[in-house]
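Q: Walk me through this one, please. I'll ask as we go.

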Amino acid sequence: MLQPFLHYGCHILLPLFVALIWYKPKWQLAFLIMLSGFWIDIDHLLATPIFSPNRCSINFHPLHSYYAIVIYLFLLIPNKTRLVALGLAIHIIADVVDCLLM
């Protein structure tokens, strides 16, 4: 019961917290952009089965690979890509928490 709460809490509450603290004037837009990090889960469609509750996403799916994670971290540097990169990095953090709880 704790694992889904922490997983989805990280996916939703962490971007909300970041948006409210560091992007106050436009927190709604920042929050929505960071939530777009969910789109990297599209790579789950390449797996068989698509969803497996006992599978760690990190380094299993292409957009969750170590190579992709390095790219997401580099995207944190430029201002223009920072919000998208924050969403992707927070998504990866949520998935790491999920893997640690397995």
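A: One term to start with: contact means heavy atoms within 4.5 Å. With that, and leaving aside neighbours within four places in sequence, Pro62 is in contact with Asp43, Leu46 and Ala68.

Q: And what am I looking at, how was it made?

A: It's a predicted model, so to speak of local features takes a pLDDT of at least 70 and side-chain atom pairs count only at pLDDT 80 or more, while totals for chains, interfaces and linings use all residues. Residues are numbered from 1 along each chain as its sequence is written, and side-chain values use heavy atoms, with hydrogens and water left out.

Q: OK, how many helices and strands are there in the chain?

A: Four helices and zero strands, running α-α-α-α from the N terminus on.

Q: What share of the residues count as buried?

A: 36% of the 102 residues. Buried is under 20% relative accessible area, exposed is over 50%, and partly exposed is in between (1.4 Å probe, protein chains only). As for contacts between residues at least 6 apart in sequence, 53% join residues at least 24 apart.

Q: Back to Pro62. Where does Pro62 lie?

A: In the loop between α2 and α3; α2 covers 27-35 and α3 covers 66-74. Pro62 counts as partly exposed because its relative accessibility is 48%.

Q: Switching to His64: what does its side chain make polar contacts with?

A: With the side chains of two Asp residues: Asp41 at 3.2 Å and Asp95 at 3.0 Å. A polar contact is a pair of N or O atoms within 3.5 Å; within protein, one must be able to donate a hydrogen and the other to accept it, and residues adjacent in sequence count only if both atoms are side-chain atoms.

Q: Why is His64 called buried?

A: Because its relative accessible area is 0%. His64 sits in the loop between α2 and α3, and beyond four places in sequence its contacts include Ile40, His44, Ser57, Asn59, Ile69, His91 and Ile92.

Q: What about Ser57, what is Ser57 in contact with?

A: His44, His64, Asp95 and Cys99, leaving aside neighbours within four places in sequence. Ser57 is in the loop between α2 and α3 and counts as buried, because its relative accessibility is 10%.

Q: Backbone next. Which peptide bond is cis?

A: The one from Thr48 to Pro49, with omega near -5 degrees. Pro49 is in the loop between α2 and α3. Asn59, placed in that loop too, has a positive phi of about 65 degrees although it is not a glycine.

Q: Why flag those?

A: Because most residues other than glycine have a negative phi, and most peptide bonds are trans.

Q: Last thing, the surface. Which residues make the nonpolar patch?

A: Trp39, Ile42, Leu45, Ile50, Phe51 and Leu63, for about 690 Å². Patch residues have over 30% relative accessible area and no salt bridge; like charges are joined within 9 Å, nonpolar side chains (Val, Leu, Ile, Met, Phe, Trp, Tyr) within 5 Å. A salt bridge is a side-chain nitrogen of Lys or Arg within 4 Å of a carboxyl oxygen of Asp or Glu.

Definitions and conventions. Areas by Shrake-Rupley, 256 points an atom, 1.4 Å probe, with all protein chains shown as cover. Helix = DSSP H or I, 4+ residues; strand = E, 2+ residues; numbered from the N terminus.
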